[in-house]
Amino acid sequence: MEKDMAIDDITDTEVEKTASTTVISSDDAVFIAIEMGKRILMCGGEVHRAEETISRICTAYGAVAVDVNAILSMIILTADFENEEKTSFCRVSIGVNNLGRLAKLNALSRRICAMKPSKEAFLTLLDEVERASSVGVIKQIIGAALLSIGFALYFGGNLLDAALSGLIAVAMWFIIRLLNRSNMNAIVVKFAACFMGGVGALLIGRTGINCNVNMIIIGDIMNVVPGVALTNSLRDLFGGDIMSGLFRLCTVLLDAVAIACGYAVAILIFGGAA
């Protein structure tokens, strides 16, 4: 709480200082608007939320007409600033759902509309948001372990099953992190992590330890199931953003196939736990 308050205080001071002394060009206004929309989409925000944010920011900087079209992979913006018309587009990379960051970006967009910071001040504030909403490595590892432990227990496993599931979940987290650093395809990363997780669980089962391999695997699967992404795809579809909803849904289905194939190949190779 104290950390968030400190960041907000710094943010307000910087914005107020630059808003009253700097004339913002239309190029900078378009850059700020489209960058905010891009970041909202990357952390799991709705398409219409990104479009509305872009439109409001451009209007706050003096645009008399704004036409914006966003899908999950691209944003196209045309803004009329009375004496000139600006058109810009950017490609959006698929990011990781981060609802905490999304909430901070929404707050930042309202502050931008109210105080109209310069491009330099905006980048400083955006960096503050990114750092404040980032999840540390230790927290990610603990979260992955606790999630697998919790679901292994929930579905009927004992404490040993849960502990082994947590250990394999941590190993899978490191595999995913290592493969992501090499810019490998996300589907291949999911397949490789699930294959190694399945191999680990099956090998543990063959050691003679009195554990339930099925419960171990179930706990680990829940770490990679794209539940939030599925919810977001249905949200976009019901909200009228058919293209973005179908894009998210196809991504979810490919992830599900990769997860299933990873564990299935491991089971086929080792012939089960027995």
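1. Terms first. Buried means under 20% relative accessible area, exposed means over 50%, and partly exposed is what lies in between, with a 1.4 Å probe and protein chains only. Helices (H or I, at least four residues) and strands (E, at least two) are DSSP runs, numbered from the N terminus. Ile-75, Leu-77 and Ala-79 make up the covered face, while Met-74, Ile-76, Thr-78 and Asp-80 make up the uncovered one.

2. Basis of the note. This is a predicted model, in which local features need pLDDT of at least 70 and side-chain atom pairs count only at pLDDT 80 or more, while totals for chains, interfaces and linings use all residues. Residues are numbered from 1 along each chain as its sequence is written, and side-chain values use heavy atoms, with hydrogens and water left out.

3. The sheet. Three strands make an open sheet, ordered β1-β2-β3, with antiparallel pairing. β1 (65-71) and β3 (85-91) are the edge strands with a single partner each, so one side of each has no neighbour in the sheet. Direction ignored, neighbouring strands are turned by 5° against each other on average. Angles here run from 0 to 180 degrees between N-to-C directions; axes are lines fitted to C-alpha atoms, for helices over the stretch in contact.

4. Pairing in detail. Two strands pair if DSSP finds at least two bridges between them. Strands of a sheet pair through backbone hydrogen bonds, either parallel or antiparallel. β1 and β2 pair in the antiparallel sense over seven bridges. Ala-65 has Asp-80 in β2 as its bridge partner. Strand β2 (residues 74-80) also pairs with β3 in the antiparallel sense over seven bridges. Here Met-74 stands opposite Arg-91 in β3, and Ile-76 has Phe-89 as its bridge partner.

5. The hairpins. Two residues link β1 to β2 in a hairpin. The hairpin of β2 and β3 has four residues between the strands, and Glu-82 in its turn has a positive phi of about 70°. Most residues other than glycine have a negative phi.

6. What lies across the sheet? Helix α3 (residues 47-60) lies across β1 and β2, and runs at about 155° to β1. Glu-52 belongs to helix α3. Its relative accessible area is 39%, so Glu-52 is partly exposed. From Glu-52 to Leu-268 is 216 residues in sequence and 49 Å in space, C-alpha to C-alpha.

7. Lys-116 is not a glycine, yet has a positive phi of about 50°. Lys-116 sits in the loop between α4 (99-115) and α5 (119-132). With 32% relative accessibility, Lys-116 counts as partly exposed.

8. Packing of α8 on α9. Two packed helices are described by the angle between their axes and the distance between the axes. For helix α8 (residues 186-206) and helix α9 (residues 213-221), the axes come within 9 Å and cross at roughly 160°. α8 and α9 are therefore roughly antiparallel. Angles under 35 degrees count as roughly parallel, over 145 as roughly antiparallel, 65 to 115 as roughly perpendicular and the rest as oblique. The α8 and α9 crossing is right-handed. A crossing is right-handed if the near helix is turned clockwise from the far one by less than a right angle, and left-handed if anticlockwise. Ala-201, Leu-202 and Gly-205 of α8 meet Val-213, Ile-216 and Ile-217 of α9. Contact means heavy atoms within 4.5 Å. The contact of α8 with α9 has five nonpolar residues, one polar and no charged. Ala, Val, Leu, Ile, Met, Phe, Trp, Tyr, Cys and Pro count as nonpolar, Asp, Glu, Lys and Arg as charged, and the others, Gly among them, as polar.

9. Packing of α7 on α9. The axes of helix α7 (residues 159-181) and α9 come within 8 Å and cross at roughly 45°. α7 and α9 are therefore oblique to each other. Their crossing is right-handed. On the α7 side, Asp-161, Leu-164, Ser-165, Ile-168, Ala-169 and Met-172 meet Met-215, Ile-216, Gly-219 and Asp-220 in α9. By class, this contact has six nonpolar, two polar and two charged residues.

10. Is Asn-232 buried or exposed? Asn-232 is buried, at a relative accessible area of 8%. Asn-232 is placed in helix α10 (residues 227-238). Leaving out residues up to four places away in sequence, Asn-232 touches Gly-44, Asn-97 and Arg-248.
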